[in-house]
Amino acid sequence: MLPPDGVRAALIDMDGTLYDSMPNHARAWMRLMTEKGVDARPEEFFLYEGCTGAWIINHMIERQWGRSATPDEAREWYELKARYFGEMPRVEPVEGARELVEGLRRRGIATVLVTGSGQASLLGRLDTDFPGAFPADMRVTSASVRRGKPAPDPYLRGLELAGVDAAHAIAIDNAPLGTRSGHAAGIPTVGVVTGPIPADELARSGADIVFTSMPECTKSLLQLL
Ligand code: MG
């Protein structure tokens with residue numbers, strides 16, 4: 001599945017791929033929804049992973065009350081959710097993620113962040129946890145594109161930032177909406193299982209190759225490259 005004449009850029013998701021942040025996100029969403037009187041289950045937020053906060057808020061309000069979120073509501077709810085997330089226990093990088101990023105960079109492969117998140121508490125830690133890997137001009141965040149994953153836009157924007165075409169890149173993502181987005185952008189897409197989403201779900205959602213853990217992904221992918 002890898003480009004025959006070499007990978008020049010790796011476009012990498014953040015939540016659940018670089019950081020083990022999904023359990024905290026689910027808890028923060030549940031706290032918000034409970035306070036607002038919206039019915040929700042913690043598991044569903046794992047499936048919405050990769051969607052923007054604005055999409056999730058609109059989806060929950062539509063399901064509960066049959067109307068769209070107002071712009072003020074979307075902003076206020078997202079600020080609350082971000083605050084609750086910031087109050088959760090500290091999130092650590094996914095085991096093996098640092099080694100993956102370092103290994104890619106040692107091979108001269110540019111690394112680009114492609115996240116639907118706008119969460120300052122995690123974005124602000126990237127320079128410390130992954131030194132030099134994701135400078136400000138190599139980040140696609142919720143602010144970069146209007147249509148988030150599973151639309152191809154975030155990964156297409158990542159290609160632009162890297163100055164590389166889809167045939168010389170790989171996308172690495174842990175969530176079905178993310179692997180769909182990478183696939184829709186025409187990029188060879190690597191799915192990594194780091195939480196409750198099973199491997200076959202990622203394979204069904206556009207991943208060309210699936211690894212059942214990040215340490216396995218790191219070892220196998222770096223050998224292939
Ligand atoms: Mg993710």
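Hi everyone, let's start with the cysteines: the count of disulfides here comes to zero, where a disulfide is a pair of cysteine sulfur atoms within 2.5 Å. Cys51 is buried at a relative accessible area of 11%, and Cys217 is buried at 0%. Buried means under 20% relative accessible area, with a 1.4 Å probe and protein chains only.

A quick word on the model. It is predicted, so local features need pLDDT of at least 70 and side-chain atom pairs count only at pLDDT 80 or more, while totals for chains, interfaces and linings use all residues. Residues are numbered from 1 along each chain as its sequence is written, and side-chain values use heavy atoms, leaving out hydrogens and water.

Now to the metal. Which residues coordinate the magnesium ion? They are Asp13 (OD), Asp15 (O), Glu49 (OE) and Asn174 (OD1), at 1.8 to 2.1 Å. Donors are N, O and S atoms within 2.8 Å of the metal (3.2 Å for Na, K and Ca); water is not among the atoms, so the site may look incomplete. Asp13 is buried at 3% relative accessibility, and Asn174 is buried at 5%.

Last, the aromatics. The whole structure holds six aromatic pairs, meaning ring centres of Phe, Tyr or Trp (its six-membered ring) within 6.5 Å. Tyr19 and Phe130 are edge-to-face (planes over 60 degrees apart), with centres 5.7 Å apart and planes at 85 degrees. Phe130 also pairs edge-to-face with Phe134, at 6.0 Å and 75 degrees. Both Phe130 and Phe134 are buried. Finally, Trp29, Phe45, Tyr48 and Trp55 form one aromatic cluster.

Note on methods:
Buried means under 20% relative accessible area, exposed over 50%, partly exposed in between (1.4 Å probe, protein chains only). Rings of Phe, Tyr and Trp (its six-membered ring) pair if their centres lie within 6.5 Å; planes under 30 degrees apart count as stacked, over 60 as edge-to-face and the rest as tilted.
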